[in-house]
Amino acid sequence: MPIYNHEGSSEASGDKGEKYKQAIEEYLRARGYSIERRSNHHSTTEDLAAVTVDENFHYLSGEKVGDDVKKFVRVEAKGTKLSRLDDDLLTELARVFIDYCEQDGGFEYHIYASYLQAFDKWERIFDPRTNTPEHIKNYFDTLRESQKLNDAEEAALQRLGVEDFEWFLADVFVHRASWNRLGQMAEDERSVNRSKWDFYTRENSPSREVETLVANFLRISGLPESIYIGENLADHPEDIYVDNPRHLPIWVESGLFYSLVSMEEMPDSLRPFVDEESVQSRPFDSWLESEDTAPDVAKRLFNREIRRRAVDGYDDCRMVRHQYENRLLFKHEGGGSGEEDDSPAKTRVEGWDVAMDWGAYTAHRYAAPVVKQYKEQFYAFIDTGWMFSRSGRGTNIVKGDTASKLHDKLQSSGHYRPNNLKAQFRQWRAYLGMDESPPLEEADIEDDPQRLEFEREEGLELRVRPPKDGAERELLMQRGVDAY
């Protein structure tokens, strides 16, 4: 849903009618579009309709292009000053919006105007960087009230909602450009010899060798035996976490309190938020199959249960909130690692580096486990990486430009190499007790009927993939040169 100011900060000159429409035609032709119809030749809602081949499609030897790879464009040309509240514009926009929804998308809608009145207010609606749901809804309400549609069109519009309008806006493009500026843009497009770019912009063949895929997820093969459901007494869910950690396997929704922890094992700090007399124990499997909302609640409980394993299992592991994720990391203990003096002091857990000094900051390996459901099966994914703190204890997380510079420095030292990321995934599986762990008896863990069990997916193969390194990329590109 971009909005373009091709004029910069200066005002456009007002050129009207056919002359302005012809300038748009020339610009579109220069960009490789074919003009399909014009409003002065056909009875259409839009002023122009054009078509081109989608930029992601590549073809050789004059192969005929089918409609499934064509990109269709409708154009509204306004050679004068244009207000976003103009009645004629609202009517035309409403008709195109109806067509768009009835055709399930399938085209882009471009609005060209010499000058856009109150440009900043146009941006609040059509610029994805600055628009807001509130401004979009207000404009949608204005559209429904101020258009001049016939009865059939009015009925069709009333069946559509603001969510449909947001979907439509993703394919609406607004351009501020005078007749002179359109001519300059067309000349600029024609001056580019696009044939020279063909080899570099076309898609090269991928590697098609069979390769075993090391997945960053595990299948949940064993579910809890029971779920405990009771009446929620908390006025607000946030009240629960004043005195309770957020990794407890509990969830509050629609006045109900869900838990994988029985009332007998529930901490005292949690008891005031659940009506103990109302709590019922239900078999987890039958509850999962009988309730429509059960899968979503189960995922939230599993997410917390997985994080609880690491936090409860290691004194220095903690959960932090960063970039809308609940991430696990280890605090930095300091004291060095017995290496050379100029190497960073590191903290290790079970032989793995988990944190290290990085100048005035501390780099922490983190894990962000999340459970997803595919069909009727649950899978636990573990996103891994590095994050930085100023304290070394995982508080005061570094963000913004400083974090970007630290990540660049860390990457240059090799800590983002693929093998390094695979090692992080293996180590976090161990910390979370998710893979290759000893039987419960050997691990001195009492048999727990609520314990999640995991299995790796074996036999996954990748038959098409991008090049894995520079040498393979050069080889694939050379094959493309030889075949070109």
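Helix α4 (residues 133–146) and helix α6 (residues 162–169) pack with their axes 10 Å apart, at an angle of about 105 degrees. The two helices are therefore roughly perpendicular to each other, a label used for angles of 65 to 115 degrees, while those under 35 count as roughly parallel, those over 145 as roughly antiparallel and the rest as oblique. On the α4 side the contact is made by I136, K137, Y139, F140 and L143, and on the α6 side by V162, F165, E166 and L169. Contact here means heavy atoms within 4.5 Å. Axes are lines fitted to C-alpha atoms, for helices over the stretch in contact, and angles run from 0 to 180 degrees between N-to-C directions.

A word on the model itself. It is a predicted model, in which local features need pLDDT of at least 70 and side-chain atom pairs count only at pLDDT 80 or more, whereas totals for chains, interfaces and linings use all residues. Residues are numbered from 1 along each chain as its sequence is written, and side-chain values use heavy atoms, with hydrogens and water left out.

**Helix pairs**

Two packed helices are described by the angle between their axes and the distance between the axes.

| Helix pair | Angle | Axis distance |
|---|---|---|
| α4 and α6 | about 105 degrees | 10 Å |
| α2 and α5 | about 60 degrees | 10 Å |
| α1 and α7 | roughly 20 degrees | within 8 Å |

Helix α1 (residues 17–30) and helix α7 (residues 179–190) have axes that come within 8 Å and cross at roughly 20 degrees. That makes α1 roughly parallel to α7. The residues in contact are K19, Y20, A23, I24, E26, Y27 and A30 of α1, together with W179, L182, M185, A186, E189 and R190 of α7. This crossing is left-handed, a term for a near helix turned anticlockwise from the far one by less than a right angle (right-handed if clockwise).

The crossing of α2 and α5 is left-handed too. Helix α2 spans residues 87–102 and helix α5 residues 151–158. Here A94, R95, F97, I98 and E102 in α2 meet E153, A156 and L157 in α5.

**Strands and sheets**

The protein has 14 helices and 20 strands; helices (H or I, at least four residues) and strands (E, at least two) are DSSP runs, numbered from the N terminus. Strands of a sheet pair through backbone hydrogen bonds, either parallel or antiparallel. Two strands are said to pair if DSSP finds at least two bridges between them.

An open sheet of 4 strands runs in the order β10-β11-β9-β12, with antiparallel pairing. At its edges stand β10 (250–253) and β12 (280–283), each with a single partner strand, so one side of each is left without a neighbour in the sheet. From one strand to the next, the twist averages 25 degrees. Within the sheet, β9 (residues 226–231) and β11 (residues 256–259) pair over 4 bridges, and Y228 stands opposite S259 in β11. Helix α11 (residues 294–313) packs on this sheet, where it touches β9, β10 and β11, and its direction makes about 145 degrees with that of β10.

Further along, β13 (residues 317–322) and β14 (residues 325–330) pair in the antiparallel sense over 6 bridges. V320 has R327 as its bridge partner in β14. The hairpin has 2 residues between the strands, and Q323 takes a positive phi near 50 degrees there. Strand β14 also pairs with β17 (residues 361–374), again antiparallel, over 2 bridges; L328 stands opposite A367 in β17.

**Loops and surface**

Which loop holds D104? D104 is in the loop between α2 and β5 (107–116). Its phi is near 55 degrees, a positive value in a residue other than glycine. D104 is exposed, with a relative accessible area of 60%; exposed means over 50%, buried under 20% and partly exposed in between (1.4 Å probe, protein chains only).

A118, in the loop between β5 and α3 (119–126), has a positive phi of about 55 degrees although it is not a glycine. A118 is partly exposed, at 32%.

E458 lies in the loop between β19 (453–455) and β20 (461–462) and is exposed, at 61%. E458 and T212 are 246 residues apart in sequence, yet 9.1 Å apart in space, C-alpha to C-alpha.

Of the 484 residues of the protein, 43% count as buried.
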